[in-house]
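Me: Hey, I'm new to this one. Can you walk me through it?
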Amino acid sequence: MTPVPESTYSAVTLKINGEKHTLSVDHRTTLLDALRERLDLTGTKKGCDQGQCGACTVLLDGRRAVSCLQLAVAAEGREVTTIEGMAEGDRLHPVQQAFLDLDGYQCGYCTPGQICSAVAVIEEHAAGWPSAVTGDVSPEAGPPPLSPEEIRERMSGNLCRCGAYVSIVEAVARAAGNATTEAAA
């Protein structure tokens, strides 16, 4: 007797930008493809499709993830935030506003992933997470200044083929400064 193959599809409920979406997806469907092809959330871009360029970066439970390597079925029960979920109504997220004000984009293709990554970078830094260039990683040292070197290292998983890196670093620094100012107020 020939065994009956099990279905390669599952119903998943994804919470994306605060909204629940139930889909039937092939188990091999990436989160990126579910977002773009099934839910028409095309802000997240498909760059290399190998997890190397960062164009598809989204936030999973507030942490950065390259959605081209994340299976949609593995995102069930987790909070997914895409570029479409960054703004609050007509008010841009401070990182989005900084990118706009400081020309942190050129063609704009990598910008959604850059912005999602920058939001996480600022939160990671504020939480005291060290990077590869952090000099003193002892808990007593506290977070290092968010210097251009720190920003470049922390954003190194996101590539910009246009070379807007100077403006991107400035935008992240400005948004981080604004977040620090708002937290102190």
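Me: Let's start with Lys45. Which residues does it touch, leaving out those up to four places away in sequence?
Reply: Keep in mind that this is a predicted model. In it, Lys45 touches Leu32, Arg36, Ala55, Cys56, Tyr109 and Pro112, with residues up to four places away in sequence left out.

Me: And where does Lys45 lie?
Reply: Lys45 is in the loop between helix H1 (31-38) and strand S3 (57-60).

Me: Which side chain of opposite charge is nearest to Lys45?
Reply: That's Glu84, 6.8 Å away. Lys45 has no salt bridge, even though Lys45 is buried.

Me: OK, new topic. How many residues are in the largest nonpolar core?
Reply: There are 26, and Val95, Phe99, Ile168 and Val172 have the most contacts inside that core. Helices H2 (94-101), H3 (111-126) and H5 (165-184) each supply at least two of its residues. H3 gives the largest share, seven residues.

Me: What does Phe99 touch, again skipping residues up to four places away in sequence?
Reply: Its contacts include Ile115 and Ala118, along with Ile168, Ala171 and Val172. Apart from this core lies another one of 16 residues, with Val12, Ile16, Leu41 and Val80 among them.

Me: What about Gln96, is that one buried or exposed?
Reply: Gln96 counts as buried, because its relative accessibility is 12% and the cut-off for buried is under 20%. Gln96 is found in helix H2.

Me: Which backbone atom does the Gln96 side chain reach?
Reply: The backbone nitrogen of His93, at 2.9 Å. Not counting residues up to four places away in sequence, Gln96 also touches Ile83, Met86, Ala87 and Ile115.

Note on methods:
Residues numbered from 1 in each chain as written. Predicted model: local features only at pLDDT ≥ 70, side-chain atom pairs only at ≥ 80, totals over all residues. Heavy atoms only, no water. Core = buried A, V, L, I, M, F, W, Y, C linked by side-chain atoms within 4.5 Å. Buried < 20%, exposed > 50% of the residue type's maximum accessible area, 1.4 Å probe, protein only. Helix = DSSP H or I, 4+ residues; strand = E, 2+ residues; numbered from the N terminus. Contact = heavy atoms within 4.5 Å. Polar contact = N/O pair within 3.5 Å; in protein donor to acceptor, adjacent residues only side chain to side chain. Lys, Arg positive; Asp, Glu negative; His and termini not counted. Salt bridge = Lys/Arg side-chain N within 4 Å of Asp/Glu carboxyl O.
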